[in-house]
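Could you walk me through a few spots in this model, one at a time?

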Amino acid sequence: MSDSAAREGRVLDRIAEFRQRRPRLTETQVTLAHGAGGKATAALVDAVFVEAFRNDLLAPLADSAVGSVPAGHRVAFTTDGYVVSPRRFPGASIGHLAVDGTVNDLAVMGAKPAWLTAGFIIEEGFAIDELRAVVADMAEAAAAAGVAIVSGDTKVVPRGAADGLYITTAGVGFVPEDCRLDPAAVEPGDLVVVSGSIGDHGIAVIVARGDLAIEVDVRSDAAPLQDLIAGLLAVAPATRWLRDPTRGGLATVCNELAAATGLGIVLKESALVIHPAVRAACELLGLDPLHVANEGKVVAVVPADETDAALAALRAHPLGAEAAVVGEVVADPPRLVVLETAFGGTRVVDVLVGDPLPRIC
């Protein structure tokens with residue numbers, strides 16, 4: 001081989017080696033190039049997302065992740081979007097919510113959450129350091145929940161086309177074949193159990209915005225519920241139905257259950273756990289705590305003979321220390337949710353109308 005041919009070969013080898021290198025992320029802000037699918041995108045994905053979410057299913061960076069379903073299980077699948085403002089608030093951030101919210105949607109179906117995907121809509125000019133912080137929160141939440149983020153997507157939109165950052169997640173979990181949670185199983189005499197206080201998340205977010213000059217010490221209750229729920233189902237296997245009372249709060253999920261079953265639900269005001277700061281903020285803002293969102297609570301309908309065991313299991317877990325029986329399923333009035341007030345009266349509890357607390361998740 002001639003010297004010139006050898007030199008040409010070495011040059012081609014170096015070019016090939018250079019092209020195989022993952023590009024380095026040097027920018028401090030997200031640019032439109034980071035969403036174009038080229039080297040800038042690869043640098044952002046590598047330095048921010050792969051670095052935080054690294055796992056075997058994600059490692060190939062293929063168009064889809066492929067895994068196996070455990071024998072004897074059914075698949076639960078869900079998706080959700082997160083646009084909360086502000087992105088960080090006492091107790092959590094949009095990153096925590098993006099994982100916990102999707103994990104909990106799986107857990108209340110009796111599933112053991114396993115895999116998540118994550119899609120990011122990022123506004124041009126968004127700070128890379130803030131993006132890293134949000135992604136670190138997601139990685140932290142995923143580790144706490146025992147799930148892996150196995151696939152994702154990144155899009156960048158021009159300035160003014162989004163409010164900084166939106167996140168969409170999808171989740172897959174596995175439901176044991178003998179686990180059947182269905183509103184059709186709910187019967188009169190079943191009891192309504194809530195795993196703790198209500199309204200914490202919604203009030204934490206609205207106070208964090210700083211628009212209302214309210215100073216109260218409220219932290220979001222955002223947390224993954226799968227271990228809490230697994231403990232409940234282990235001792236109360238006849239549990240009829242589960243739901244996490246997010247947007248619309250306890251009132252809305254109870255109304256959804258009443259509509260699905262044709263039965264009524266009687267809630268007891270004296271049994272509801274509402275922290276004083278949340279109650280005070282609701283009174284100042286003219287809000288009903290029953291309509292304010294949670295992100296780390298579960299509502300369970302349990303047969304009366306398993307309720308004591310269910311409460312004991314919930315209270316043994318840090319996330320369920322304030323668990324309480326808050327109501328009962330009744331045949332009459334049908335399709336209504338009624339609150340027995342502390343003064344001995346009753347009032348109908350309707351679903352949330354409008355959106356008094358927009359963008360809380």
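Q: Where is Ala65 found?
A: Residues are numbered from 1 along each chain as its sequence is written. Helices (H or I, at least four residues) and strands (E, at least two) are DSSP runs, numbered from the N terminus. Ala65 is found in the loop between α2 (39–53) and β1 (73–82).

Q: Is Ala65 buried, partly exposed or exposed?
A: This is a predicted model, where local features need pLDDT of at least 70, side-chain atom pairs count only at pLDDT 80 or more, and totals for chains, interfaces and linings use all residues. Buried means under 20% relative accessible area, exposed over 50%, and partly exposed in between (1.4 Å probe, protein chains only). With a relative accessibility of 28%, Ala65 is partly exposed.

Q: Which residues is Ala65 in contact with, leaving aside its neighbours within four places in sequence?
A: Contact means heavy atoms within 4.5 Å. Ser151 is 86 residues from Ala65 along the chain, yet their C-alpha atoms are separated by 6.1 Å. With sequence neighbours within four places left aside, the contacts of Ala65 are Leu57, Val150 and Ser151.

Q: Which backbone nitrogen does the side chain of Asp221 reach at 2.9 Å?
A: Asp221 sits in the loop between α5 (200–208) and α6 (226–235), and it is buried at 10% relative accessible area. A polar contact is a pair of N or O atoms within 3.5 Å; within protein, one must be able to donate a hydrogen and the other to accept it, and residues adjacent in sequence count only if both atoms are side-chain atoms. A polar atom of the Asp221 side chain lies 3.4 Å from the backbone nitrogen of Gly296. The one at 2.9 Å belongs to Glu295.

Q: How many disulfides does a search of the whole structure find?
A: A disulfide is a pair of cysteine sulfur atoms within 2.5 Å. For Cys254, the closest cysteine sulfur is in Cys282, 16 Å away and so too far for a bond. For Cys282, the closest one is in Cys361, also too far at 16 Å. The search of the whole structure finds zero.

Q: Why is the pair of Phe49 and Phe120 tilted?
A: Rings of Phe, Tyr and Trp (its six-membered ring) pair if their centres lie within 6.5 Å; planes under 30 degrees apart count as stacked, over 60 as edge-to-face and the rest as tilted. The structure holds two aromatic pairs. In the pair of Phe49 and Phe120, the ring centres are 4.5 Å apart, and the pair is tilted because the planes are at 40°.

Terms used. Heavy atoms only, no water.
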